[in-house]
Amino acid sequence: MKRNDKNFEKQLIALLTNVCEQHKTLTPGFSWLTHTVNFKNINNSLRIICVFDTEQQKIKAEQHQQSSVMREDIHNVIQSLGITTPKSAISFDSEENCELTHQGNWKKRLQQTYH
């Protein structure tokens, strides 16, 4: 990883951590978020995955527009770094689904689902 890539990722993680901590208190069931990126093509490869504890909590957040607020907040953070990626690059998932389909192996799930 190049030095510029490390600096970018450090900034991204700091900003996403702020959004994550804010939404952990505002959005019931929201637990954590992560990202994947190919530094050779950041605009087209950056994916943000927001993880809820259960699928039902994820569905409720979508029904009550909380996921829309999260998506907007994350999109603003991404734009502040000069990244132009569609809002569809921000996905929602659940620990429950990972457990059912990938036996709780998030590394495997991220590679198979979000690349």
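Student: Where does α5 lie, and at what angle does it run to β3?
Tutor: In this predicted model, α5 lies across β1, β2 and β3. It runs at about 70° to β3.

Student: What order do the strands take in that sheet?
Tutor: The order is β1-β2-β3. The sheet is open, and its pairing is mixed.

Student: Which strands stand at the edges?
Tutor: β1 and β3 do. Each has a single partner strand, so one side of each is left without a neighbour in the sheet.

Student: By how much are neighbouring strands turned against each other?
Tutor: By 25° on average, direction ignored.

Student: Back to the pairing. Is β1 with β2 parallel or antiparallel?
Tutor: Antiparallel, over six bridges. β1 covers residues 30-36, and β2 covers residues 47-52. Within this pair, Leu33 stands opposite Cys50.

Student: And how many bridges join β2 to β3?
Tutor: Five, and these two strands run parallel. Val51 has Asp93 as its bridge partner in β3. For Phe52 the partner is Ser94.

Student: Which residues of β3 point which way?
Tutor: Ile90, Phe92 and Ser94 point one way. Ser91 and Asp93 point the other way. In a regular strand, side chains alternate between the two faces of the sheet.

Student: Why call β3 largely enclosed?
Tutor: Because five of its five residues are buried. The rest of the structure largely encloses the strand.

Student: What about β1, how many of its residues are buried?
Tutor: Five of the seven, so β1 too is largely enclosed by the rest of the structure.

Student: Take Thr36. Buried or exposed?
Tutor: Thr36 sits in β1. It is buried, because its relative accessible area is 9% and the cut-off for buried is under 20%.

Student: What does Thr36 touch?
Tutor: Leaving out residues up to four places away in sequence, Thr36 touches Ser45, Leu46, Arg47, Ile49, Leu110, Tyr114 and His115. Leu110 belongs to α6, where it is one of the buried residues.

Student: New topic, then. Which residues of α6 are buried?
Tutor: Trp106, Arg109 and Leu110. The helix spans residues 106-113. Seen down the axis of α6, the buried residues fall within an arc of 95°, so they line one face of the helix.

Student: Which residues are exposed on the other side of α6?
Tutor: Lys107 and Gln112.

Student: What do the buried residues of α6 pack against?
Tutor: They pack against β1, β2, β3 and α5.

Student: How are two packed helices described?
Tutor: By the angle between their axes and the distance between the axes. For α5 and α6, the angle is about 85° and the axes are 10 Å apart.

Student: Why are α5 and α6 called roughly perpendicular?
Tutor: Because angles of 65 to 115 degrees count as roughly perpendicular. The angle of about 85° therefore makes α5 and α6 roughly perpendicular to each other.

Student: Which residues meet there?
Tutor: From α5, Glu95, Asn97, Cys98, Thr101 and His102. From α6, Trp106, Lys108, Arg109, Gln112 and Thr113.

Conventions
Residues are numbered from 1 along each chain as its sequence is written. This is a predicted model: local features need pLDDT of at least 70, side-chain atom pairs count only at pLDDT 80 or more; totals for chains, interfaces and linings use all residues. Side-chain values use heavy atoms; hydrogens and water are left out. Buried means under 20% relative accessible area, exposed over 50%, partly exposed in between (1.4 Å probe, protein chains only). Helices (H or I, at least four residues) and strands (E, at least two) are DSSP runs, numbered from the N terminus. Two strands pair if DSSP finds at least two bridges between them. The arc is that of the directions from the helix axis to the C-beta atoms. Contact means heavy atoms within 4.5 Å. Axes are lines fitted to C-alpha atoms, for helices over the stretch in contact, and angles run from 0 to 180 degrees between N-to-C directions. Angles under 35 degrees count as roughly parallel, over 145 as roughly antiparallel, 65 to 115 as roughly perpendicular and the rest as oblique.
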